[in-house]
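Hi there,

Here is the structure I promised to pass on to you. Have a look at it first, and my notes on what turned up follow below.

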Amino acid sequence: MLLINKYQRSKLDNNPDELFYFKPKFTHHLDSCFRKRLTSLYKSEIKPNSKVLDLMSSWVSHLPIGIKYKEVVGHGLNNEELKANEALDNYWIQNLNSNQELPFKDNIFDICLIVAGWQYLQYPEFIAKELSRISVNGGKLIISFSNRAFWNKATMIWSESTDFQRIEYISKVLNNNGWKVEKVITESDKKPRIMGLFSIQNDPFFSVISNKLNY
């Protein structure tokens, strides 16, 4: 069983998260290739008419355009960002590091999503349990990330790990808290530049896809 100690849960900036996210950040935190790949993944993994929870969302949810979902519920820490997110039917604000209890009944979401957010969770095992509780039997959780972060707000266990250690960390938490990891995606690519003399490293794409354990 994975044990996370006090140091590993700590951050360089331990001020309340609400202060950091007080002002909206209307910018993309991941490059266009990552975002395109994420939308493609969602298109293949999320069935139409699903009820979707976009946890730790922002002003975009990266869901494919033209697909009808039953409902898309968003969560975050900045009202202006969430209000601007056209994919959301409704949303709420909550600091998951001070309160891990999600405001929903059991067994209601088909799909739960976290994009570039796991690195900020100080109590991920409790969040994983709550996501399992509010997901339907056979529900799915998709956690995607790259190698970027607001490092002053990332937990030390994340900051001091390699990309593949982060995958292992996420997987252990999920497998011990109501989920079974079914698929892990790791992709990295370089694009050639002028005359092939240089190359650009795209944001690497990592995704951990798990299904709810049925009891």
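Predicted model: local features only at pLDDT ≥ 70, side-chain atom pairs only at ≥ 80, totals over all residues.

Let me begin with the strands. Seven of them make an open sheet with mixed pairing, in the order E3-E2-E1-E4-E5-E9-E6. Strand E3 (90-93) and strand E6 (179-187) are the edge strands, each pairing on one side only. From one strand to the next, the twist averages 15 degrees.

Strands of a sheet pair through backbone hydrogen bonds, either parallel or antiparallel. E1 and E4 run parallel and are joined by four bridges, with Ile114 in E4 as the bridge partner of Leu55. E4 also pairs with E5 in the parallel sense, over six bridges, and here Leu113 has Ile142 in E5 as its bridge partner. Strand E5 (residues 135-145) and strand E9 (residues 205-212), on the other hand, run antiparallel and are joined by six bridges; Leu141 stands opposite Ser210 in E9.

Helix H5 (residues 124-134) lies across strand E1 (51-55), strand E4 (109-115), E5, E6 and E9, and it runs at about 140 degrees to E5. Helix H7 (residues 163-175) lies across E5, E6 and E9, running at about 165 degrees to E6.

**The nonpolar cores**

The largest nonpolar core has 35 residues, and those that touch the most other members are Leu53, Leu55, Leu102, Trp118, Leu131, Ile170 and Leu174. At least two residues of this core come from each of E1, E4, H5, E5, helix H6 (156-159), H7, E6 and E9. H7 supplies the largest share, five residues.

Leaving aside residues up to four places away in sequence, Leu131 touches Leu53, Leu55, Leu102, Cys112, Ile114, Leu141 and Trp179. Another core, of 19 residues, lies apart from the largest one, and Leu30, Leu38, Leu82 and Ile142 are among its members.

**Aromatic rings**

Searching the whole structure finds eleven aromatic pairs. One of them is Phe20 with Tyr21, an edge-to-face pair at 5.0 Å centre to centre and 85 degrees between the planes. Tyr21 is buried, with a relative accessible area of 17%.

Phe20 also pairs with Phe150: the ring centres are 5.1 Å apart and the planes stand at 65 degrees, so this pair is edge-to-face as well. This pair links distant parts of the chain, since Phe20 is in helix H2 (residues 17-20) and Phe150 is in the loop between E5 and H6, 130 residues apart. Is Phe150 buried or partly exposed? Its relative accessibility is 24%, so Phe150 counts as partly exposed. Ring pairs link Phe20, Tyr21, Tyr120 and Phe150 into a cluster.

Charged side chains turn up at the rings too. Lys25 lies over the face of Phe150, at 5.8 Å from the ring centre, and the charged end of Arg37 sits over the ring of Phe205, 5.3 Å from its centre.

Enjoy looking around, and do write back with any questions.

Best wishes

How values were computed
Residues numbered from 1 in each chain as written. Heavy atoms only, no water. Pairing = 2+ DSSP bridges. Axes fitted to C-alpha atoms, helices over the stretch in contact; angles between N-to-C directions. Contact = heavy atoms within 4.5 Å. Core = buried A, V, L, I, M, F, W, Y, C linked by side-chain atoms within 4.5 Å. Buried < 20%, exposed > 50% of the residue type's maximum accessible area, 1.4 Å probe, protein only. Phe/Tyr/Trp six-rings, centres within 6.5 Å; stacked < 30°, edge-to-face > 60°. Lys NZ or Arg CZ within 6 Å of the ring centre and 35° of its normal.
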